[in-house]
Amino acid sequence: MHEDVHQPMPLRYISRINVSRQLYSIGLRIFTVSFFFIMLIFCTSCTPKTDTDLHKKDGTQKKDLSCSILFVLGKDFSRYSDIFTYLSEVYTPESLKAQLNIISYSDMTAKTKHPRLSIIAERLAAEPADVLISLGIPEGGARTLRTIKERNPAQHIFSLLPVEEILPLEAYSDIVADFELPDSFTNADRAVNIPAQEVQTLVLCAVTAAEQLEELPDQEPLPRFMRATATATALLKDRGIPAWGGTHYVLQPYKDPELNIRSYNYVILSQPAADGTAQKPDGTPQGAARE
């Protein structure tokens, strides 16, 4: 019987086998890693978008409205179907739905010929709000604001574009804001002749001021509203929207032409003089609400 004689495998064959095994191992690792990343990308693409993802526009993320607000819309302003457009550009729809409450002129006249302003106090009693913001509150609104302040002295009130007498509104409002209009315009024309983009910007400024109330509680009304205006303008600029529809306005306190007295909390938005500046009553430059 012949014994099987196993000859040692030549070194060159052993080397080839080792190289093949190494190449196989490397290839397997590459395949495993590639498969892992493909599955990771697939799973990520299939993951439902979160609210944060859905509320991004042009790389700018919307934010939640941090305070509750009751809006009261006068007769002419109820016709502005897009009055809250800029709010929708800045804040998430969920927070707007949760934090905004609106009383329209049709709500106030649903059961009576003349607006029933007591509905404002009734709504606040049933659903308290951090800030009450009115646009063109109807005549007699100051009496309602007085009732509201007597019931809750801490209630914040912003009166925008008033058609009511100014002095009573000043007495019960944190801030009264209006555009400077030519003398040929009457109060009845006020809302009709203001472009929608300017009203939308003013609404955003007021909401921004409402959010900033707790940051500098002792700040006077004019610098506080100027600060809010600058913030709102920057928010719109980030979204490619020109504040005030591209019109340049400056903020300054209202000055009674007869008494020559500046108001503490009644601010006027006016277009600057030919040299591009606005003047305070003492002759020094006034701050601007720029685009």
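## Loops and what sits in them

Helices here are DSSP runs of H or I with at least four residues, and strands are runs of E with at least two, numbered from the N terminus. The model is a predicted one, in which local features need pLDDT of at least 70 and side-chain atom pairs count only at pLDDT 80 or more, while totals for chains, interfaces and linings use all residues. Residue numbers start from 1 along each chain as its sequence is written, and side-chain values use heavy atoms, with hydrogens and water left out.

Is Pro128 buried or exposed? Pro128 is exposed, with a relative accessible area of 64%; the cut-offs are under 20% for buried and over 50% for exposed, with partly exposed in between (1.4 Å probe, protein chains only). Gly140 belongs to the loop between β5 (131–135) and α7 (141–151). Gly140 is buried, at a relative accessible area of 10%, and its C-alpha is 9.7 Å from that of Arg116, 24 residues away along the chain.

## An aromatic cluster

Rings of Phe, Tyr and Trp (its six-membered ring) pair if their centres lie within 6.5 Å; planes under 30 degrees apart are stacked, over 60 edge-to-face, and the rest tilted. By this rule the structure has five aromatic pairs. For Trp244 and Tyr249, the ring centres are 5.7 Å apart and the planes stand at 70 degrees, so this pair is edge-to-face. Together with Phe179, these two residues form one aromatic cluster.

Trp244 is buried, with a relative accessible area of 1%, and Tyr249 is buried as well, at 6%. Trp244 sits in the loop between α10 and β8 (249–255). Its phi is near 60 degrees, a positive value in a residue other than glycine. Asn260, in the loop between β8 and β9, also has a phi near 60 degrees.

## A buried asparagine

Which strand holds Asn265? Asn265 is found in β9 (residues 262–270), and it is buried, with a relative accessible area of 6%.

Polar contacts are pairs of N or O atoms within 3.5 Å; within protein, one must be able to donate a hydrogen and the other to accept it, and residues adjacent in sequence count only if both atoms are side-chain atoms. The Asn265 side chain reaches the backbone oxygen of Ser173 at 2.8 Å and that of Glu170 at 3.0 Å.

## The cavity

A cavity is a set of points on a 1 Å grid over the protein atoms alone where a 1.4 Å probe fits but cannot get out, and its lining residues have an atom within 4 Å of a point. Points are joined across faces, edges and corners, and the volume is the space filled by probe spheres set on them. One cavity of 30 Å³ or more turns up in the whole structure, and the largest cavity holds about 50 Å³ of space.

Its lining consists of Phe158, Asp174, Ile175, Ala209, Pro221, Arg224 and Phe225. Helix α10 (residues 221–238) gives the largest share, three residues.

## Cysteines

A disulfide is a pair of cysteine sulfur atoms within 2.5 Å, and the count by this rule is zero. Cys67 is buried, at a relative accessible area of 5%, and Cys205 is buried at 0%.

Conventions: 1 Å grid on protein atoms, 1.4 Å probe; cavity = no way out; pocket = protein on both sides within 12 Å on 5 of 7 lines; lining within 4 Å.
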